[in-house]
Amino acid sequence: MCASGIDSSDGTLICNTGCLYLRWGDKESARTWWRRLLDSSDEAERRRAEELLCEVDGKAAVQ
């Protein structure tokens, strides 16, 4: 969590922080972190965020 203050643009860090929140049972915080990736300039990061958000909501990812 402290590392997120160091480089808030690091997609891997943002993704993993969301995963930690989900592991702790805090789906809303996980969603908050993953939504940040939707604004990424990296298409793969945006796609991964969409997949994670769909999974946490129990929906199928859009192809």
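Tyr 21 is buried, with a relative accessible area of 16%. Keep in mind that this is a predicted model. What does Tyr 21 pair with? Its ring partner is Trp 24. The ring centres sit 5.6 Å apart and the planes meet at 85°, so the pair is edge-to-face. Trp 24 counts as exposed, at 55% relative accessibility. The structure holds one aromatic pair, and this is it.

Now the fold. The chain has three helices and zero strands. From the N terminus, the order is α-α-α. Of its 63 residues, 29% count as buried. Take contacts between residues at least 6 apart in sequence: 21% of them join residues at least 24 apart.

On to charges. How many salt bridges are there? The count comes to five.

Asp 57 meets Arg 31 at 2.8 Å, N to O. This pair links distant parts of the chain, 26 residues apart. Arg 31 lies in helix H2, residues 27-37, while Asp 57 lies in the segment after helix H3, 43-56. Arg 31 is buried at 15% relative accessibility. Asp 57 is partly exposed at 36%.

Next, Arg 35 and Glu 28. Their closest N and O atoms are 3.5 Å apart. Arg 35 is partly exposed at 39%, and Glu 28 is partly exposed at 43%.

Last, Glu 51 and Arg 48, at 3.6 Å, N to O. They are three residues apart in helix H3, so about one helical turn separates them.

One more point. Salt bridges with shared partners join Glu 28, Arg 31, Arg 35 and Asp 57 into one network.

Methods:
Residues numbered from 1 in each chain as written. Predicted model: local features only at pLDDT ≥ 70, side-chain atom pairs only at ≥ 80, totals over all residues. Heavy atoms only, no water. Helix = DSSP H or I, 4+ residues; strand = E, 2+ residues; numbered from the N terminus. Buried < 20%, exposed > 50% of the residue type's maximum accessible area, 1.4 Å probe, protein only. Contact = heavy atoms within 4.5 Å. Phe/Tyr/Trp six-rings, centres within 6.5 Å; stacked < 30°, edge-to-face > 60°. Salt bridge = Lys/Arg side-chain N within 4 Å of Asp/Glu carboxyl O.
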